[in-house]
Amino acid sequence: LSQNTTISFNNPPSAGTAQTFQILLKASATISVTWPATVLWESGSAPTPPELGQTDILVFYTSDVGSTYYGKLKEDNVS
């Protein structure tokens, strides 16, 4: 990412289906990230975005047609 970014999730799984996915964020500038309001974070708030030159991996899970996504920082500053 090279600028402030708003993330959105599209095409959630159909009813009765769960989905897990990961997002890799690599910062090439000082950035801010805005997440969908439907994300419930493990710690109660979104993790800070990666710093310049860093890469973070986040994981998300939904099982209710995308009404709620459970998110957590999986890896911080991956080299």
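Which residue in β6 is the bridge partner of Leu 40? In this predicted model, local features require pLDDT of at least 70 and side-chain atom pairs count only at pLDDT 80 or more, whereas totals for chains, interfaces and linings use all residues. Residues are numbered from 1 along each chain as its sequence is written, and side-chain values rest on heavy atoms, with hydrogens and water left out.

The bridge partner of Leu 40 in β6 is Tyr 70. Strands are DSSP runs of E of at least two residues, numbered from the N terminus, and two strands pair if DSSP finds at least two bridges between them. Strand β4 (residues 39-41) pairs with strand β6 (residues 69-75) in the parallel sense over three bridges. Strand β5 (residues 55-62) pairs with β6 in the antiparallel sense over five bridges, and Val 59 has Lys 72 as its bridge partner in β6. A hairpin with six residues between its strands is formed by β5 and β6; in the turn, Val 65 has a positive phi of about 60°.

Aromatic rings of Phe, Tyr and Trp (its six-membered ring) pair if their centres lie within 6.5 Å; planes under 30 degrees apart count as stacked, over 60 as edge-to-face and the rest as tilted. Nine aromatic pairs are found in a search of the whole structure. The ring centres of Trp 35 and Trp 41 are 5.3 Å apart with planes at 75°, so this pair is edge-to-face. Trp 41 and Phe 60 also form an edge-to-face pair, at 5.6 Å centre to centre and 70° between the planes. This pair links distant parts of the chain, with Trp 41 in strand β4 and Phe 60 in strand β5, 19 residues apart.

Methods. Helices (H or I, at least four residues) and strands (E, at least two) are DSSP runs, numbered from the N terminus.
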